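Let's walk through this fold together, starting from a helix and its surroundings and then moving on to the cores and a sheet.

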Amino acid sequence: MHCPGIEPGSKPYSYLWEGFILTDKLTMHAFYLLVTFLYLHLLVLFMKSKNKFYVTTPIYYPNDVPHLGHAYTSIAADVLARWNKVQNKDVFFLTGTDDHGKKIESTALAKGKKPKEFVDALIPEFKSAWKKLNIEYDRFIRTTDKDHEKVVQEILQKCYDNGDIYLGVYEGLYCTACEAYYTEREVLEGKCPIHHKALEYLKEESYFFKLSKYKKFLLDLYKKNSEFISPKNRRQEIINRVEEGLKDFSVSRTSFDWGIKLPFDKKHIAYVWFDALINYYTATREKGKEKFWPADVHIIGKDIIWFHTVYWPAMLKSAGIEMPKKVFAHGWWTVHNEKMGKSAGNAIKIDKLIGIAGADSARYFLLRSTPFGDDGNFSEEDLVARHNDELANKLGNLVSRVAALIEKYGIEKTENKLLKN
Ligand SMILES: [Zn+2]
């Protein structure tokens, strides 16, 4: 037998022809292999991006003592992170502290300490609170971290080069505690609407970000991604305010030192929002973490929804960075129906919270008692009632019945079945 297609004694050109086809077939095989390989590679990349989940909490002010309010945000983020891990997703959970600002600087100086030294001493309090509450974050970022400083400067420079940052003069009513100026409309009888303290009239040279340029972009974003502002009942408020028109906002200060220097004018330091919000992006610039941007959800309290759904996307757009998928603002907690706060002296600290019935019951109570997004009311009696009724009696009873059945009939391991969406 001889090979089909090659006739003995046929003319030399047909050998050549056969040889050519053979080579061509090899080329085709190689080509198909390459295409298949590229396709699989893209598929893997796609699945990876589908299979990742990035959740953040706000960065907290380290000179607050961590209390119920902080715990609520962090527990919610932790539960989301765990739920996504159960679904076999690659999860990244970011939390941290906002180390800079006038308030930190003045408190440190009053205590005769350097700001960095002062802040360093406050961080363990937060880390230990999260440990006690079983919060498993992947990175604890601080705005004093070197990589953060670098990313903030890069983004400021990009926005500046795009013509979105310009020099001006800022004047207005300022609350040191909020580190924010208030407009006449927001002021309550000449006082800060949050701290109820008298406001200072300040005037200083400052760089501004051209937020006014982004009105149409933002309204389009809210339309295109209807879940960007969550929950839904807060969405319309933001849209209405943006439609009224946007004012450029101040991005730098010269009146204090404790912050990140502007790369294009070293006299100025970056003021709150450029320094703070960018932390979410910084954490994904680390090698191996790049795939986590854009964030799947920023969990925040409702007091900072404006900055996260208006300032933040406009800043990102200016710097040419992809938008996060969602900002979810939860409500506030009252304690025995009174507003919780440092000044009210009724803030529930972490040790007290977990001292009632343990960390798991505290976590359960906070997420169970109020729809996420609404305001909640805390009372020890309610926590104890849920612990006894729902955890000890109902869940405990279920476990004990199952255990009794196991004792009676024995137990066998079943095949591991993956959870499906
Ligand atoms: Zn204030």
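Two residues count as in contact if their C-beta atoms, placed from the backbone, lie within 7 Å. Helices (H or I, at least four residues) and strands (E, at least two) are DSSP runs, numbered from the N terminus. This is a predicted model: local features need pLDDT of at least 70, side-chain atom pairs count only at pLDDT 80 or more, and totals for chains, interfaces and linings use all residues. Residues are numbered from 1 along each chain as its sequence is written.

Start at helix 13 (residues 359-368), where Ser-361, Ala-362, Arg-363, Tyr-364, Phe-365 and Leu-366 are buried (20 or more other C-beta atoms within 10 Å of a residue's own; 12 or fewer is exposed, in between is partly exposed). The cover over these buried residues includes helix 2 (68-86), helix 12 (350-357) and helix 14 (380-409).

Now for the cores. A nonpolar core is a set of buried Ala, Val, Leu, Ile, Met, Phe, Trp, Tyr and Cys residues joined through C-beta atoms within 7 Å. The largest has 74 residues, and Phe-93, Val-251 and Met-315 are among those with the most contacts inside it. At least three of its residues come from each of domain 2 (51-330) and domain 3 (339-401), with bounds from an automatic or database domain assignment. A second, separate core of 5 residues includes Tyr-174 and Cys-192.

Last, the sheet: 3 strands form an open, mixed sheet in the order 15-14-16, where pairing takes at least two DSSP bridges between two strands. Strand 15 (338-339) and strand 16 (376-378) are the edges. Strand 14 (residues 333-335) runs parallel to strand 16, joined by 3 bridges, and Trp-333 stands opposite Gly-376.
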